[in-house]
Amino acid sequence: MPRTLEGQITMEKTPSYFVTKEAPRRIYNMSRDTKLIVVVRNPVTRAISDYTQTLSKNPTIPSFQALAFKNVSMGLIDTTWSAVRIGIYAKHLDNWLQYFPLSKFLFVSGERLVSDPAGEMGRVQDFLGLKRVVTDKHFYFNETKGFPCLKKPEGSSRPRCLGKSKGRPHPKIDVQVVQRLQEFYRPFNMKFYQMTGQDFGWD
C-alpha cells in the first residue's frame, strides 16, 4: 500500500478479500486501524450474476442448476462451488471478527446502491469521516444498464458508467431452483442480519 500522509485516506478494493481465509490476519498485521467496507447483495442474485459472468467468458460450462446442486432430486446444494459459497456471508464475517471488531466494518447494501446510490455513498463518507461531497446530483439512472451511473466528472466529456461486464441480462433460472437456493441461504442470512445488526431484506 502507498504511504498515507496526514489528511489522506488510501483505499483499495478486491472482491476476494472478504472470502479469503488468510486476508483478515494479513490485513490486521499490516494495520489494525484499517476500516473495512463490504458490499453485499442477495446471495441468490449474487450467485446467478457470478454464473452469468463466467458464462460470458466460457459458454460451454454446465447449466446453473447442474453446478448449484450436488443432487438435484434431493435438493442438495453444492457449497464447494464458489458462486454459492461466497454468498454464505455469516461464515466469512465470522472469520473477520476474529481480528477486527464490528465497529471497523461498514456493510453496504448492493440493492440500495442501485435504488439510492447517494444515500449509500453518504453512509460510506460518514463511516470514513469525510465531508459528504458525493450527493444525488452526481448520479443519473442509465436505462440501458439498469442502474445508476456517475455524471461526467469535471474536465471529462463522458459520464462514468461501470464496464461491459456489468448489467448483463441474467439467464432464466427455474423458479424451483431459485426457491431452493433461497431456503438454503435463509438461516445464513438471518445469522448475518444478527451479526451486523442490519436487515438487508433478502427474505
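This is a predicted model: local features need pLDDT of at least 70, side-chain atom pairs count only at pLDDT 80 or more; totals for chains, interfaces and linings use all residues.
I began with a definition: helices and strands are DSSP runs, numbered from the N terminus.

**Entry 1: the overall layout**

I looked up the elements and found 8 helices and 6 strands in the chain. Reading along the sequence, I wrote down the pattern α-β-α-α-β-β-α-α-β-α-α-β-β-α. Then I checked the extent of the C-alpha trace, which spans about 60 × 45 × 30 Å along its principal axes.

How much of the chain is buried? I noted that buried residues make up 34% of the 203 residues. The chain exposes about 13,000 Å², and carbon and sulfur atoms supply 53% of that area. I looked at contacts between residues at least 6 apart in sequence as well, and 56% of these join residues at least 24 apart.

**Entry 2: a threonine in a loop**

Next I picked out Thr34, in the loop between α1 (23–30) and β1 (36–40). Its side chain reaches the backbone oxygen of Ser31 at 2.8 Å. Which residues does Thr34 touch, once its neighbours within four places in sequence are left aside? My list reads Ile27, Phe100 and Lys104.

I turned to helix α5 (residues 89–96) and helix α8 (residues 175–196), whose axes come within 8 Å and cross at roughly 40°. On the α5 side, I found Tyr89, Ala90, Leu93 and Asp94 making the contact. On the α8 side, the residues are Phe188, Lys191, Phe192, Met195 and Thr196. Sorted by class, the contact has 6 nonpolar, 1 polar and 2 charged residues.

Two names from that contact, Asp94 and Lys191, came up again when I looked for charged pairs. Their side chains meet in a salt bridge, 2.9 Å from N to O. This pair links distant parts of the chain, with Lys191 in helix α8 and Asp94 in helix α5, 97 residues apart.

How many salt bridges does the structure hold? The total I wrote down is 7.

One of them joins the side chains of Arg46 and Asp50, again with 2.9 Å from N to O. Both residues lie in helix α2 (residues 43–57), 4 residues apart, about one turn of the helix.

I then followed Asp126 and Arg132, whose side chains meet in a salt bridge at 2.6 Å, N to O. Asp126 is partly exposed, with a relative accessible area of 43%, and Arg132 counts as partly exposed at 47%.

I would start at the loop between α1 and β1, where Thr34 is found. From there I would go to the crossing of α5 and α8, and end at the Arg46 and Asp50 pair in helix α2.

Definitions and conventions
Residues are numbered from 1 along each chain as its sequence is written. Side-chain values use heavy atoms; hydrogens and water are left out. A polar contact is a pair of N or O atoms within 3.5 Å; within protein, one must be able to donate a hydrogen and the other to accept it, and residues adjacent in sequence count only if both atoms are side-chain atoms. Contact means heavy atoms within 4.5 Å. Axes are lines fitted to C-alpha atoms, for helices over the stretch in contact, and angles run from 0 to 180 degrees between N-to-C directions. Ala, Val, Leu, Ile, Met, Phe, Trp, Tyr, Cys and Pro count as nonpolar, Asp, Glu, Lys and Arg as charged, and the others, Gly among them, as polar. A salt bridge is a side-chain nitrogen of Lys or Arg within 4 Å of a carboxyl oxygen of Asp or Glu. Buried means under 20% relative accessible area, exposed over 50%, partly exposed in between (1.4 Å probe, protein chains only). Accessible areas come from the Shrake-Rupley method with a 1.4 Å probe; for residues, only the protein chains shown count as cover.
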